[in-house]
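Below are my notes, in the order I looked things up.

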Amino acid sequence: MNFKILTTILCALLLFACTQTDPNQVTITGEITNPRGESVTFSNQDTSYSTTTNENRSFSISFNLDSATYLNFEHGVERTAMFVRPGDKIKLSIDTEKFDETIKYKGSLSSSFLAKKYLLEEGNDFFGKVFYMSSAEEYKAALDSFKIAVINEFGKITDSTFIKSEITNINKNINYFIGRQEKLANYTEDVKTYMWETSKI
């Protein structure tokens, strides 16, 4: 074979090999408005991946995952949940002045779902007036409405494992809330009113 042709083929193969992306590699880029320092971390119970923002308040980080996992995105004193899969390319943006209310994800429907779920949880004070002053039936109805609202946020997510995990967690939390509220049944309305009012102090 002609030496020049062989050289060309070898160079092309080498270039092709170098440009192949590891299927397990995750890349997350982001822009942070009103940054709280430079550190950016993605972590779970087992490990963490850290980087820093540049002068443009943006960052980029790549790491490998063997399987899908929940990660916490941490910046300053705040953190929020993400769900990341091998091969994901995610772009996020956030304003630290209103952390969870402003976080946006491109390339991760599951992380977007978790952000919306958090806002729904925050908007439902399950240990507020409804906890102390509602009947068991009323409290359960409020929790069921929350569950339906969360399920409606799945949208285009098709990952059945993720959906099952989230529904399991929602049911677990609802059972916990109901169990806590059932303990109030032994108290009079006056006592429950006092407990609610003092809980706000």
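Two strands pair if DSSP finds at least two bridges between them.

Some ground rules. I'm working with a predicted model, where local features need pLDDT of at least 70 and side-chain atom pairs count only at pLDDT 80 or more, while totals for chains, interfaces and linings use all residues. Residues are numbered from 1 along each chain as its sequence is written, and side-chain values use heavy atoms, with hydrogens and water left out.

**Entry: the sheet**

I started with S2 and S3. Looking across, I found serine 43 opposite serine 48 in S3, and threonine 41 opposite serine 50 in S3.

Which strands make up the open sheet, and in what order? I read off four, S3-S2-S5-S6, with antiparallel pairing. S3 and S6 are at the edges with a single partner strand each, so one side of each has no neighbour in the sheet. From one strand to the next, the twist averages 20 degrees.

Next I checked the faces of S3. In a regular strand the side chains alternate between the two faces of the sheet. In strand S3 (residues 48-52), Tyr49 and Thr51 form the covered face, and Ser48, Ser50 and Thr52 the uncovered one.

I also noted helix H3 (residues 109-123), which lies across S5 and S6 and runs at about 140 degrees to S6. Such angles run from 0 to 180 degrees between N-to-C directions, with axes fitted to C-alpha atoms, for helices over the stretch in contact.

**Entry: the cores**

I looked for nonpolar cores, meaning sets of buried Ala, Val, Leu, Ile, Met, Phe, Trp, Tyr and Cys residues joined through side-chain atoms within 4.5 Å. Buried is under 20% relative accessible area, exposed over 50%, and partly exposed in between (1.4 Å probe, protein chains only).

The largest core has 21 residues, and Phe59, Phe42 and Leu92 are among those with the most contacts inside it. Strands S1 (25-33), S2 (39-43), S4 (58-64), S5 (69-75), S6 (78-84) and S7 each give this core at least two residues. A second, separate core of 19 residues includes Phe113, Ile157, Ile170 and Ile174.

I then followed phenylalanine 59. Not counting residues up to four places away in sequence, its contacts (heavy atoms within 4.5 Å) include Ile28, Val40, Phe42, Phe73 and Leu92.

**Entry: threonine 96**

Where does threonine 96 lie? I found it in the loop between strand S7 (89-95) and helix H2 (99-102). Threonine 96 is buried, at 8% relative accessible area. Its side chain makes a polar contact of 3.4 Å with that of arginine 36. A polar contact is a pair of N or O atoms within 3.5 Å; within protein, one must be able to donate a hydrogen and the other to accept it, and residues adjacent in sequence count only if both atoms are side-chain atoms.

**Entry: aromatic rings**

Rings of Phe, Tyr and Trp (its six-membered ring) pair if their centres lie within 6.5 Å; planes under 30 degrees apart are stacked, over 60 edge-to-face, the rest tilted. My search of the whole structure gave 17 aromatic pairs. Phenylalanine 127 and phenylalanine 131 have ring centres 5.0 Å apart and planes at 80 degrees, so they are edge-to-face. Phenylalanine 131 also pairs edge-to-face with tyrosine 139, at 5.7 Å and 70 degrees. Phenylalanine 127 is partly exposed at 32%, whereas phenylalanine 131 is buried at 4%.
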